[in-house]
Protein chains: 2
Amino acid sequence: MEKKLLMTPGPTPVPESVLLSMARPVIHHRHPEFRGVLKEVRELLKYLFETKQEVIVLASSGTGAMEGAVSNTLCRGDRVLVVEAGKFGERWSDIARAFGLEVEQIEVPWGKAVSAKQVKSMLEKGQHRAVLMQASETSTGVRHPVKEIADYTRASDTLLIVDGITAVGVFPIPFDEWGLDVLVTGSQKALMLPPGLAFACLSEKAWKAKDKSDLPCYYFDFAKERKNLETNQTSYTPAISLIMGLQEALRRIKETGLEKVFAEVALMAKATREAMQAMGLKLYAPDSPSEAVTAVLVPGGIDAGQVVKIMRDKHGIAITGGQDQAKGKIFRVAHMGYISRGDIVAMIAALEQTLTELGHSFPSGHGVQKATELLA
Amino acid sequence: MEKKLLMTPGPTPVPESVLLSMARPVIHHRHPEFRGVLKEVRELLKYLFETKQEVIVLASSGTGAMEGAVSNTLCRGDRVLVVEAGKFGERWSDIARAFGLEVEQIEVPWGKAVSAKQVKSMLEKGQHRAVLMQASETSTGVRHPVKEIADYTRASDTLLIVDGITAVGVFPIPFDEWGLDVLVTGSQKALMLPPGLAFACLSEKAWKAKDKSDLPCYYFDFAKERKNLETNQTSYTPAISLIMGLQEALRRIKETGLEKVFAEVALMAKATREAMQAMGLKLYAPDSPSEAVTAVLVPGGIDAGQVVKIMRDKHGIAITGGQDQAKGKIFRVAHMGYISRGDIVAMIAALEQTLTELGHSFPSGHGVQKATELLA
């Protein structure tokens with residue numbers, strides 16, 4: 001009878017009404033009923049991305065949309081600047097190299113945000129065709145200064161290509177207002193869906209770059225998708241059940257209102273960070289934390305893997321450890337999507353017990369007290 | 001209160017138990033519970049493909065796996081032979097050209113199967129690195145002679161790359177025994193799932209070709225996926241809910257047994273074809289029909305679009321028309337996956353009413369009588 005709580009930085013919990021939407025019998029994707037769904041979803045996605053542009057809907061994980069962001073807008077041999085501040089920054093470099101681009105990296109220590117000034121100074125020297133970066137680096141819990149970088153790229157020929165997988169629907173990242181060129185996201189984060197859908201939005205500047213791009217791109221051909229979306233269709237068979245769920249999830253986001261969603265997530269993120277500190281823990285990314293995920297350093301002598309294991313096996317709460325160089329050093333919890341204030345308190349309470357069991361000494365109850373106080 | 005029946009050649013109906021499996025709360029893809037699911041799914045996929053090779057699981061539509069089949073095994077400038085006998089044959093050519101391959105086509109009239117002899121004679125002259133073909137061409141309802149072509153390619157350096165999207169789980173296409181090199185399929189046909197998953201199986205010869213391939217491939221990198229599958233993981237976040245459904249669907253296929261599934265589908269296909277002819281209709285692919293889908297020529301003066309519309313709006317049965325050059329000329333019905341004998345009879349009965357309404361004259365009841373007789 002154990003009740004489980006999913007608090008990993010993706011996938012995130014799926015609301016019951018979305019699960020039930022997806023469990024409806026499958027309908028044909030070229031028939032009027034599904035086209036009606038897609039028509040509504042197109043408008044709701046524009047609301048979510050805060051854009052007048054079409055948002056491309058792909059059957060893939062977020063990485064597929066990242067690949068498409070590169071393969072649709074760049075040319076063989078193009079020089080790109082990648083902000084590498086974690087595992088997903090490295091993924092941009094890997095994708096760019098796989099497509100024969102010349103990659104220059106800004107290597108930012110894990111847990112830190114890039115400085116917009118540094119990006120600007122490198123762009124001035126480097127003649128890069130694009131900057132590739134994360135808005136929120138899920139592996140470290142850092143938020144990067146996308147707006148400040150966009151303020152520079154907007155007036156230049158450089159494309160600003162942003163992975164918003166743990167940003168869109170988490171904190172404000174208004175596509176048109178900030179003047180981003182490509183923004184991608186996935187379904188299993190703030191969108192409250194299972195993984196399997198990815199999305200991409202392109203600026204006029206990016207669509208012009210698409211015309212000149214010479215990289216091979218077929219399944220992820222955004223121009224073909226945009227053309228098909230005009231008649232409420234996709235180029236290839238879409239992930240129908242996930243799109244039925246998407247309709248329901250986006251309706252809920254719209255009904256709540258983006259501003260309210262952002263405020264709620266920000267409050268839960270703040271409560272989580274302060275509760276962790278009240279338990280004597282140190283944040284992995286104290287200076288520029290992402291509202292999507294909090295990364296916490298485990299105290300000396302304690303194995304992060306044990307924290308994750310006890311949280312899962314004894315308390316039924318799924319959190320995750322660190323990846324690559326942060327493995328064993330940190331654990332991560334999410335506060336985006338279908339997560340409530342009560343979930344945050346429950347997670348902190350379980351964490352207090354877990355850390356006590358593992359020998360970490362701290363004033364008992366302080367974490368829960370801090371979280372409760374801030375969330376009240 | 002209208003009860004609907006989905007009889008399109010993809011998507012196909014999803015069993016209630018599979019819908020409910022997918023509606024379970026999402027679990028994390030790197031945690032033990034999901035890894036256990038993936039471990040079982042890997043074994044069940046080997047049973048389905050009749051292979052000892054690993055079957056790659058992708059979050060994409062079937063077209064993604066087709067792209068990966070090309071981008072993982074071939075090199076820029078390679079010469080390939082494409083069997084173009086319908087819309088999906090053309091898709092192979094489009095993908096191959098997008099990746100800079102040199103394409104030679106065998107243009108087969110729509111509704112006809114390619115001759116193995118012709119393929120063999122072109123291969124002898126042409127030094128092609130690969131043959132790209134469909135096992136079942138969904139747009140025309142034709143089945144191609146894969147085994148006979150494999151008998152030739154198996155002993156040669158040429159790779160045989162087969163789109164089995166409406167073949168795997170529909171009729172026998174034993175990967176190891178026939179010596180195919182790449183076989184791909186999608187989730188929304190015989191696998192009784194919503195669209196959103198694709199699969200690919202590679203022979204030793206194909207894996208060796210992968211080592212030499214120089215085409216850009218990141219999201220669809222099969223070698224990376226194979227390595228991750230060894231520890232019951234995928235390279236990127238998998239479509240978790242669809243894989244939960246896949247576990248249930250593959251269990252049902254295994255419990256029934258492939259032989260029995262094939263026999264049942266073949267019987268329903270035969271009954272459908274003969275019932276159509278008993279209604280005075282002509283088959284679009286009489287010589288080498290696929291067991292997955294029956295394509296039927298509409299009688300002169302009747303609009304295929306009207307047949308589809310009346311079947312959907314008056315009878316609640318979804319079938320599809322033709323694509324591209326077959327548009328307006330044919331309609332198509334499927335008999336793979338979660339389709340019962342009763343569904344076939346119901347579809348034929350509704351079709352009799354529909355065609356009568358549209359002015360086609362035929363001996364009333366003969367279609368239903370023939371279908372019932374054969375299915376009894």
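Helices (H or I, at least four residues) and strands (E, at least two) are DSSP runs, numbered from the N terminus. The model is predicted: local features need pLDDT of at least 70, side-chain atom pairs count only at pLDDT 80 or more, and totals for chains, interfaces and linings use all residues. Residues are numbered from 1 along each chain as its sequence is written, while chains are lettered from A and ligands numbered from 1 in the order in which they are written.

**Exercise 1. Determine the strand order of the seven-stranded sheet in chain A and identify its edge strands.**

Solution. Step 1: apply the pairing rule, by which two strands pair if DSSP finds at least two bridges between them. Step 2: read off the order, which is S2-S10-S9-S8-S5-S3-S4 in chain A; the sheet is open and its pairing is mixed. Step 3: strand S2 (55-59) and strand S4 (102-107) of chain A each pair on one side only, and they are the edge strands. Step 4: from one strand to the next, the twist averages 20°, with axes taken as lines fitted to C-alpha atoms (for helices over the stretch in contact) and angles running from 0 to 180 degrees between N-to-C directions.

**Exercise 2. State which strands helix H4 of chain A lies across.**

Solution. Step 1: helix H4 (residues 87-98) of chain A lies across strand S3 (79-84), S4, strand S5 (130-134) and strand S8 (159-163) of chain A; residues are in contact if their C-beta atoms, placed from the backbone, lie within 7 Å. Step 2: the helix runs at about 160° to S3(A).

**Exercise 3. Find the relation between chain B and chain A.**

Solution. Step 1: copies are superposed by least squares on the C-alpha atoms of residues with pLDDT of at least 70 in both. Step 2: chain B is superposed on chain A by a rotation of 180° with 0.0 Å of shift along its axis (RMSD 0.0 Å). Step 3: that is the relation of a two-fold axis. Step 4: B:Ser60 comes closest to the rotation axis among the residues of chain B, at 2.4 Å (C-alpha). Step 5: the copies meet through the same surface, because 100% of the interface residues of chain B are also interface residues in chain A.

**Exercise 4. Characterise the backbone at A:Pro11 and at A:Gln127.**

Solution. Step 1: A:Gly10 and A:Pro11 are joined by a cis peptide bond, with omega about 0°. Step 2: A:Pro11 is placed in the loop between strand S1 (5-6) and helix H1 (16-22) of chain A. Step 3: A:Gln127 is not a glycine, yet its phi is positive, at about 50°. Step 4: A:Gln127 lies in the loop between helix H5 (116-126) and S5 of chain A. Step 5: A:Gln127 counts as exposed, with 10 C-beta neighbours inside 10 Å.

Note on methods
Two residues are in contact if their C-beta atoms, placed from the backbone, lie within 7 Å. A residue is buried if 20 or more other C-beta atoms lie within 10 Å of its own, exposed if 12 or fewer, and partly exposed in between; C-beta atoms are placed from the backbone.
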